[in-house]
Amino acid sequence: MRLSQFHLRTEKETPAEAEIASHKLMLKAGMVRRLAAGLYTWSPLGLRVLRKVEAVVREEMDAAGAIEMAMPSVQPRELWEETGRWQKFGPQLLKIRDRKEQEYCFTPTAEEAVTDFFRHECASYRQLPVNFYQVTTKFRDEIRPRFGVMRAREFVMKDAYSFHVSDEDLIQRGYNVMYAAYERIFTRLGLAFRAVAADTGAIGGSASHEFHVLAESGEDALAFSQSSAYAANVELAEAVSPGERAAPAETLREVATPVQKTCEDVAALLGIPLARTVKSVAAMGADGFVLALVRGDHVVNEIKLSKLPGMAEYRLATEAEIVEHLGCEPGFLGPRGPRRPIRVVADRSVAAMADFVVGANAPGAHLAGVNWGRDLPEPDVVADIRNVVAGDPSPDGQGVLGLARGIEVGHVFALGRRYSEAMGCTVLDEHGKAVHPAMGCYGIGVSRIVAAAIEQNHDESGIRWPEAMAPWRAVVCVINPKGNAEVAAAAEALYRELAEAGVDTALDDRGLRPGSMFADIELIGIPHRIVVSERGLAAGTFEYRARTAAEAEQLDRATLLERLS
Ligand code: ATP
Ligand code: MG
Ligand code: MG
Ligand code: MG
């Protein structure tokens with residue numbers, strides 16, 4: 001690519017509206033331009049990077065046996081009614097009408113559409129397992145779009161869906177295969193990442209993992225044991241607002257009524273130890289109940305609340321039972337493994353007096369009847385609970401927890417039969433019996449990865465792309481191309497030679513002054529810069545500098561080619 005014929009438009013000033021490094025640098029480098037809240041135009045430069053990420057994702061998905069397809073962005077209400085998600089998905093689902101007053105949504109994810117495709121295409125166990133994927137634009141009407149493409153409303157997601165005859169097959173030939181593919185994808189992209197249980201690990205953690213790029217600016221808090229493999233998303237945002245699907249944080253405050261019990265009172269009533277730290281908050285109605293996820297003697301994970309009539313005693317319940325009682329999407333309970341028993345602690349007398357429930361994800365308790373202001377600082381609960389777990393004992397009993405911040409770039413999830421059952425999707429098993437296939441779903445935030453990579457790779461001059469994501473791996477800079485034909489010709493020859501050697505190279509023949517040209521190249525983060533100048537030509541060398549190196553070196557042609565190929 002000749003940059004004189006490309007569209008590059010960088011900015012000197014740091015844009016005031018951007019808070020984090022990736023957003024600032026993407027705007028400064030001219031990779032994206034904001035069209036409206038959460039909506040971004042990808043410039044030719046930005047698109048090159050996005051396509052590089054997509055290419056790695058596609059290669060590894062194909063290598064893992066997944067098959068690419070594409071589903072519509074606009075999907076009919078009827079389809080989403082089949083699973084109840086037309087309502088349950090909540091305000092993130094953008095609903096639209098056509099000229100005939102038919103209702104549609106702009107797809108935020110495609111479980112319904114792929115299950116519909118599958119039920120028409122596949123009839124026999126012999127066709128399983130199968131894994132369909134697509135790389136398409138998704139829309140979520142995020143409550144707080146921010147950080148540019150990091151949390152956009154329209155974004156590019158790779159989503160894959162696998163279908164299996166048994167739970168074992170789902171884990172072995174679906175989930176685990178995707179997990180391994182994700183490790184390869186993020187490794188190839190040159191990112192420092194970590195897979196964590198999406199569920200704080202208490203229940204069914206093995207059936208849902210998120211992949212996080214580690215970065216200070218990450219919206220998620222990750223807790224990991226210093227002495228074992230335990231790693232989990234603390235899911236603070238979820239805990240404060242139990243799914244934007246269910247009740248936004250604002251409503252939590254609205255339902256507050258005067259409190260009659262203290263934390264200690266409720267702990268005594270439930271017969272559980274008082275939490276040392278307060279880590280999650282959920283809303284509760286007057287005749288709600290307390291749902292505790294229990295491991296051993298400890299309530300280790302979020303208490304979830306809803307109206308579960310007729311439950312007045314402690315008893316064991318399955319996740320499916322609870323979901324049915326709640327009439328909610330299972331995701332509302334947090335991602336969990338199929339059919340793992342969880343203990344429901346139901347006590348109307350406690351529930352009736354509780355306004356809020358708080359609790360700890362580390363060993364400790366979740367407590368009802370908490371008074372804002374007295375038991376919790378009023379202004380910013382998220383900030384308050386973000387700092388509490390480091391040093392707490394790890395829930396697996398091994399060592400203490402450390403904390404890191406992460407950006408969720410991928411998610412693997414063993415869904416089970418929730419969608420195939422709801423949508424009447426069956427295949428014939430080897431005995432000729434109709435069975436609902438078990439499903440897995442696997443997402444990657446392709447456009448978010450671009451921003452996440454910058455969070456990890458930048459300096460005061462700009463972006464430092466990992467090789468696999470760079471818009472070009474190398475750039476040949478020509479000093480004064482119009483003024484010196486010999487220099488221009490040598491640069492042109494080197495540019496061709498690099499291209500022939502398979503190095504994705506740009507030729508900076510824009511004729512800018514060296515200072516401006518180099519500033520641009522550093523800002524847009526090209527990993528290898530070669531300068532062709534009159535002085536170098538006379539000495540038979542090129543000036544070479546890696547984006548990550550402090551100093552430039554003078555290299556002859558052969559050494560240079562060897563370095564780059
Ligand atoms: P988050 O917790 O950040 O809201 P999510 O858990 O809602 O993400 P998933 O439903 O797991 O997202 O979707 C798969 C992937 O899509 C996520 O892992 C993330 O990388 C990406 N993604 C989700 N929401 C957005 C968004 N608003 N902007 C950009 N990427 C997103
Ligand atoms: Mg989300
Ligand atoms: Mg998430
Ligand atoms: Mg997720």
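Two strands are said to pair if DSSP finds at least two bridges between them. Strands themselves are DSSP runs of E, at least two residues long, and helices are runs of H or I, at least four, numbered from the N terminus.

Colleagues, this is a predicted model: local features need pLDDT of at least 70, side-chain atom pairs count only at pLDDT 80 or more, and totals for chains, interfaces and linings use all residues. Residues are numbered from 1 along each chain as its sequence is written, while chains are lettered from A and ligands numbered from 1 in the order in which they are written.

I begin with the sheet. Strand β29, residues 542–546, pairs with β30 in the antiparallel sense over 3 bridges, and Glu543 stands opposite Gln554 in β30. Both strands belong to an open sheet of 5 strands, ordered β27-β26-β28-β29-β30, with mixed pairing. At its edges are β27 (505–508) and β30 (553–555), each of which pairs on one side only. From one strand to the next, the twist averages 25°.

Across β26 (474–478), β27, β28 (528–532) and β29 lies helix α15, residues 485–500, which runs at about 170° to β26. Such angles run from 0 to 180 degrees between N-to-C directions, with axes fitted to C-alpha atoms, for helices over the stretch in contact; contact requires C-beta atoms, placed from the backbone, within 7 Å.

I turn now to ligand 1. Of the 15 residues around it (C-beta atom, placed from the backbone, within 6 Å), Phe155, His411, Gly443, Gly445 and Arg448 come nearest. Two or more residues of this shell come from each of β8 (154–164), β20 (401–416), β23 (438–445) and α14 (446–456). Strand β20 gives the most, with 4 residues.

Key:
Two residues are in contact if their C-beta atoms, placed from the backbone, lie within 7 Å.
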